[in-house]
Amino acid sequence: MGELRALTGRIIGCAMAVHSGLGNGFREIIYQSALEMEMEDAGICFSREHEMPVFYKGRQIGLRRVDFLVEDVICVELKAVVELTDAHLAQAKNYLEAYDLNVGLLINFGAKSLEFKRAYNRKFKQQTQGNPSIPSSRQSR
């Protein structure tokens, strides 16, 4: 878990650099592009707009694009809203369960100060409805 915490810390550092440089007030796509540049410069492996299947009871029921899948282990969801809500955090947790990932980050660039929350999957590795295989994203784009 220490490695995941260190990696989420590096991602948050990249997000802080973006927020410091751009401030708030832009659309999410602008922050997504800037965060992509920061993570590339930091040597973090990721896939942007990574399309992942969503499974229920072992069967695929749909597709969802996550803003970033980092090192095949961390789901990063970006927002550009005035304030994060419980609904945003619930959405991030749902993605973790659907993708069978242990840790995710919810990052909001829309507030005056950068907001971020780590989300954890309490059902991790229970395989009750998780994604049986996550396509590799070990390359930055």
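1. From the N terminus on, the elements run α-α-β-β-β-α-β-β, which gives three helices and five strands in the chain; helices (H or I, at least four residues) and strands (E, at least two) are DSSP runs, numbered from the N terminus. This is a predicted model, in which local features need pLDDT of at least 70 and side-chain atom pairs count only at pLDDT 80 or more, while totals for chains, interfaces and linings use all residues. Residues are numbered from 1 along each chain as its sequence is written, and side-chain values use heavy atoms, with hydrogens and water left out.

2. Of the 141 residues in the chain, 45% are buried, where buried means under 20% relative accessible area, exposed over 50% and partly exposed in between (1.4 Å probe, protein chains only). Taking contacts (heavy atoms within 4.5 Å) between residues at least 6 apart in sequence, 64% join residues at least 24 apart. The chain exposes about 7,500 Å², of which carbon and sulfur atoms supply 49%; accessible areas come from the Shrake-Rupley method with a 1.4 Å probe, and for residues only the protein chains shown count as cover.

3. The largest nonpolar core has 23 residues, and those with the most contacts inside it are Ile11, Met39, Val70, Val76 and Ile107; such a core is a set of buried Ala, Val, Leu, Ile, Met, Phe, Trp, Tyr and Cys residues joined through side-chain atoms within 4.5 Å. At least two residues of this core come from each of α1 (2-22), α2 (28-41), β2, β3 and β4 (103-108), and α1 gives the most, with seven residues. A second, separate core of 15 residues includes Val66, Leu89, Leu106 and Ala119. Leaving aside residues up to four places away in sequence, Val76 touches Ile11, Val66, Asp67, Phe68, Val70, Leu105 and Ile107.

4. Helix α2 has 14 residues and reaches 20 Å from its first C-alpha to its last, close to the 20 Å expected at 1.5 Å a residue, the expected span being 1.5 Å times one less than the number of residues. Its buried residues are Tyr31, Gln32, Ala34, Leu35, Glu36 and Met39, and what covers them includes α1, β1, β2 and β3. Just after α2, Gly43 takes a positive phi of about 75 degrees.

5. Two residues deserve a look at the backbone level. Most residues other than glycine have a negative phi. Glu49, in strand β1 (residues 46-56), has a positive phi near 50 degrees, and it counts as partly exposed because its relative accessibility is 34%. Asp72, in the loop between β2 (59-70) and β3 (74-79), has a positive phi of about 65 degrees, and it counts as buried because its relative accessibility is 17%.
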